[in-house]
Amino acid sequence: HNVPLSLADELTPLFHDIFPDSDIAKNFSSRRTKTACILNGAIAPVLQQNLVNTMQTCPFTLAIDGSTDTGVEKMNPLTVRIFNAEYGMVHTQFLDMCMSSQSTAEGIFTKMEDALQKHEIPWLNCVGVGVDNTSVNMGCNNSIMTRLKQVNASVYVMGCPCHIIHN
């Protein structure tokens, strides 16, 4: 429900109320639209470039899953888990939204490959990929798993344990 962005609508009047003597607070104005522009236009590109720089030289894992949207294109968010040496911990970050009009292994894998090639990230740094357990993803013939094995034979492909437990 965009709770953080909805909160931005309330910050301007709140700052005016709690800091009545501050000229900075009196002149502050950033509601949902401006806050979204700041996040998407200024902060997100820097965070993405930091992620890409790390992925170009360090091992990482990917996770991708399709939406159940009934639109023409299916959304497949591509997320990355990677060790951040600066903070000394593993982080999960969004890399790209792989929009695909084909829900085939070829269509989804091509979008994944395009995302990595766009940022010059080598497949050899990818040590694992998480997908759900459909045959398009995990099948023995013509699946995302078989295509991944062609570009990086040592990559570990894991199906979703939640789907396995549910079944």
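First, some ground rules. Because the model is predicted, local features need pLDDT of at least 70 and side-chain atom pairs count only at pLDDT 80 or more, while totals for chains, interfaces and linings use all residues. Residues are numbered from 1 along each chain as its sequence is written, and side-chain values use heavy atoms, with hydrogens and water left out.

Let's start with the sheet. Five strands form an open sheet in the order β3-β2-β1-β4-β5, with mixed pairing. Strands here are DSSP runs of E, at least two residues, and helices are runs of H or I, at least four, numbered from the N terminus; two strands pair if DSSP finds at least two bridges between them. At the edges sit β3 (89-100) and β5 (156-158), each pairing on one side only. β4 and β5 run parallel over three bridges, and Gly128 stands opposite Tyr156 in β5.

Now to Asp132, in the loop between β4 (126-130) and α5 (135-138). Is Asp132 buried or exposed? Asp132 is buried, meaning under 20% relative accessible area with a 1.4 Å probe, protein chains only. Asp132 has no salt bridge, which would be a side-chain nitrogen of Lys or Arg within 4 Å of a carboxyl oxygen of Asp or Glu. Lys74, the nearest side chain of opposite charge, is 6.9 Å away.

What Asp132 does have is polar contacts, from its side chain to the side chains of Thr134 (3.3 Å) and Asn137 (2.4 Å). Such a contact is a pair of N or O atoms within 3.5 Å, one able to donate a hydrogen and the other to accept it; residues adjacent in sequence count only if both atoms are side-chain atoms.

Methods
Buried means under 20% relative accessible area, exposed over 50%, partly exposed in between (1.4 Å probe, protein chains only). Lys and Arg count as positive and Asp and Glu as negative; His and the chain ends are not counted.
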